[in-house]
Amino acid sequence: MTAPRGPRPGNVPPNHNPNALADGMQHLQINRPNHPPTNPTGGPRPSATPFGQPQAPSFARDLPANRPGPPPPGAFQRGPPQTTLPPNIVSRPIGPESPAIRPPPGALPSALGPRARPPGPFAASTGALLPPSGVSSSASNGPPGLGPGTMQGGLRFPPPSNTMRPPAGAPPSQPPGIRPPFGSPPASTTSVTAQLPPPFPGSTHNMSPPSSSSPFASPAQAMPPPMGAPYGMQTQPRQVAPPSAVPGSMQPPMMFGMTSPHPNQAEAAITPSMGHAGSVLTGQSRVDSSQIPRPIPNSAVILHETRQGNKANPPPPATSDYIVWDTGNCSPRYMRCTINQIPCTVDLLTTSAMQLALLVQPLALPHPSEQPIQVVDFGESGPVRCSRCKGYTDETPRDYHCNLGPDGRRRDADERPELCRGTVEFVATKEYMLRDPMPAVYFFLIDVSMNAIQTGATAAACSAISQVISDLPEGPRTFVGIATFDSTIHFYNLKRALQQPLMLIVPDVQDVYTPLQNDVIVQLSECCQHLELLLENIPTMFEHNRIADSAFGAAVKAAFLAMKNTGGKLLVFQSVLPSIGVGALSAREAEGRSSVSAAEKEAHKLLQPADKTLKTMAIDFAEYQVCVDVFLTTQSYVDIASISVIPKTTGGQVYYYFPFSAISDTAKLYNDLRWNITRPQGLEAVMRVRCSQGLQVHEYSGNYCKRVPSDVDLPAIDCDKTIMVTLKLDDKLQDGSECSFQCALLYTTIYGQRRIRVSTFSLPCTTMLSDLFKSADLDTQFACILKQAASEVPTAPLPQIREHVTNHCINILYSYRKFCATVSSSGQLILPEALKLLPLCTLALVKGTGLRTDGQIDNRSFWINYVSSLSVSLAGPWVLPRLIAIHNLNTKENEESLIPPPIPLSSEQISDNGIYLLENGEDCLIYVGNSADPGVMHQLLGISSVQEVPAQFVLQQHDNPLSKKLNDIINDIRRQRCNYLRLKLCKKGDSSGMLFFSNMVEDKTSIGLPYVEFLVHIHRHIQSKMA
């Protein structure tokens, strides 16, 4: 299997329609039907996707007996292609006599215009945010509290008005004054040398000064550039505009006693504290904390060409802001490898101590300026496949032959997306489905027990559902259903013929059933009015409910029985521990607290499911293509370890709001639900990864159902879900050749179109260990380390996992030090340039929520479940949060970026008179110092003293520049993370302050060293291994 080659130099990518780049999320246009379904009710409907984006891919389903899959060998039925196609689909008549199709100009989007924001669930706010109904004119990032029966509107962001679109015409070879965006050769092997204190007093070593490419901060130089995108962990030469002065970017004067760095090795010396006349302090030596590796922000947009000169280009950092030009390898958003050069032998990979794995995100969101994915229709014959390995476009049947050009390539290569693109979608034929595609079905299941009613969780869920009804797909293929539950289950007949919805009660929660199955799930166009009326009345109907029990398991099973014939999405809103009926659970956390010693030794048992009941149910759900998402609006222990088995097995997700507040969490609940429904997604999906001979897939991991070892069965797949694919070498590879990897995803859109998305990329093979370290991808490697650690938490003691993670880091750096580093003093810690932040990431993981023993069991269970499907770009911030100062927004002019530069995660950086914001992609903590300026506090947060910090906080936009800028910063972070971050105010001296400072990963804690001492710890272990 080989990767498709890119277009000839100078040619523009084929099949590009400049007019097809509307709506800011271009590649999703492929999922629109030729004639979008009209609104059956007649009037216009709001946009179903954020920022007015087109509809996303949707759902698919199969019964277990006829699960779709690849056709049998030789089942290529050749026939005439269909004659009428949607305008965005490329028809491929088979045969060499077909006339050549010339690609239109304007394929490469320009990056010289205003910078476009990456797509996400929240639109940019250009002015004062519109408040929900019933809220004062002061704009808000969240609605007020909801009482029983109230239906307050959640926050809605207006769509942006300035989406960057590529102009027509071929791109200039090199815009004036800008670095060449493509083809920059990879940098030579570099390393960072850290001069650490000698292990024994009195010993001194020569110290090398930093070179011009040193990434370390220098107090005498300019501040780091402001950051507009999630900060990157590596540097990337191909940029649209040169960044501002980077710390350490200038060559300092040569100091006495310092040796010049090796010409092929970027080095920076971390010097110990010096005494009088430059002597080393013999007491407690200390490394200058300003000289140790930390993330460097980069606000420039990177243009990334996936292949050039028939060679793969290494991808930019996953956390950077980049635009991809697909020239034969798929975008790194869809697939990333831990090492961008493949070792030729098992011994070479073992020596490096690095892992070989892929992280696959097949429906990842593109940058707004990237080209749309082309859809190819081969008619009834289906896509061309290899008869041996079943790879796509890897064989040329007789009727697919074409003459070669002078360059040895097919003459039609640039005109066929399947030959010149790394990612392409094929229209699936009937061979890929044994029945018609399923409709889009959404079933809402709401907890109405006493606790849910009293905390406002029921009212918040009803409000959120009522607002997202308008975002559901239009047309006759959309069906909805709704039920409520406490100790019994209440279905509702939503037929239009009834004057009002009819409640149908199922009292048996042990042997559950579904009454009137055909009347429970009905077309959205038939029940819109009844559904809105019901959602408005549910909080009032159960206002005086005194039933505290929850039949969660029975309710989920009953809803599944109603959906069994169709499949679809089951969205459950749960507030208390399931206590009755099928799948009832007990408060295991209380049992663990009763014996501290037993809890410490066997804490991981509480992170495993209580029994196999819910797991068995989940497998049945996946068999019938039912995806379950659970929204936990709770104020107590709910045993996430047991409940999360259902979403994990069915390709769903757990949303956790603890402790739930109707005042501060209602807006997040609404936005989470809306993004869940409107994001690019599909159901009834089957995914398989193939690789070249000599490599094989060892294991998959993520949120999916495992039926066949070679396939990933996904009742649902969306743009946020990532699957980790572990690889292994089973044969020797040839040096200088390329290995190819191909991911094929068979899925169905919400409009009932069966598609096959194929992403392919190739990487060079090498016999040089130094090449492996030079091409290491830190973001991907750390994401794999994080996922593996999370998978071990339920089965292994935490100290053992922390030790394993630390040793993994030490082994990688030891291998580089022993086999690749230039000759240097034994007192130097040498870090490879590509992995210079690995020690900091490792330390942050060791001190993180998932590996700490002082956290709540549910918090750790949620951490494990969240990490399971986490994307590469969000894995780093999840463990290594971003910290910025917001008390001085009026004194800093960040022209290139809205978000201020990050601050090291150390309590030494936190001033008592400052205000700081810390975010990890899920939560946003705002810390107010005890001596903070009351005027600044009032402008930013609407409070005048630290004593006024509320436990439940809703950020308002006040009429002043500081408040507007803070709101803009938070909205921009939410857009980057594709998540409506939960806001919480923190102050020193209470639990909120402890929560904030627990994220200072560079500080010393009970289970981890400070960052500087951790580097010394790693260095001494490497020294002992070298000895």
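Me: In which strand does Ile505 lie?

Reply: This is a predicted model, in which local features need pLDDT of at least 70 and side-chain atom pairs count only at pLDDT 80 or more, while totals for chains, interfaces and linings use all residues. Residues are numbered from 1 along each chain as its sequence is written, and side-chain values use heavy atoms, with hydrogens and water left out. Strands (DSSP runs of E, at least two residues) and helices (H or I, at least four) are numbered from the N terminus. Residues 502-506 form the strand that holds Ile505, namely S16.

Me: How much accessible area do Met503, Ile505 and Met541 have together?

Reply: These residues form a nonpolar patch on the surface. Such a patch joins, within 5 Å, nonpolar side chains (Val, Leu, Ile, Met, Phe, Trp, Tyr) of residues with over 30% relative accessible area and no salt bridge, a salt bridge being a Lys or Arg side-chain nitrogen within 4 Å of an Asp or Glu carboxyl oxygen. Areas come from the Shrake-Rupley method with a 1.4 Å probe, and for residues only the protein chains shown count as cover. Together, Met503, Ile505 and Met541 have about 260 Å².

Me: What arc do the buried residues of helix H10 cover around the axis?

Reply: In H10 (residues 613-623), the buried residues are Leu614, Met617, Ala618, Phe621 and Ala622; buried means under 20% relative accessible area, exposed over 50% and partly exposed in between. An α-helix has 3.6 residues a turn, so residues three or four places apart point the same way.

Me: Which side chain is joined to that of Asp711 by a polar contact of 2.7 Å?

Reply: Asp711 sits in the loop between strand S22 (695-701) and strand S23 (712-718). With a relative accessible area of 6%, Asp711 is buried. A polar contact is a donor and acceptor pair of N or O atoms within 3.5 Å, and sequence neighbours count only through side-chain atoms. The partner of Asp711 at 2.7 Å is Arg688.

Me: How far apart in space are Ser944 and Asp933, C-alpha to C-alpha?

Reply: Ser944 belongs to the loop between helix H20 (934-941) and strand S31 (956-957), and counts as partly exposed because its relative accessible area is 35%. Leaving aside residues up to four places away in sequence, Ser944 touches Pro934, Met937 and His938, where contact means heavy atoms within 4.5 Å. Ser944 and Asp933 are 11 residues apart in sequence, and their C-alpha distance is 8.5 Å.

Note on methods:
Patch = residues over 30% accessible without salt bridge, like charges linked within 9 Å, V, L, I, M, F, W, Y side chains within 5 Å. Buried < 20%, exposed > 50% of the residue type's maximum accessible area, 1.4 Å probe, protein only.
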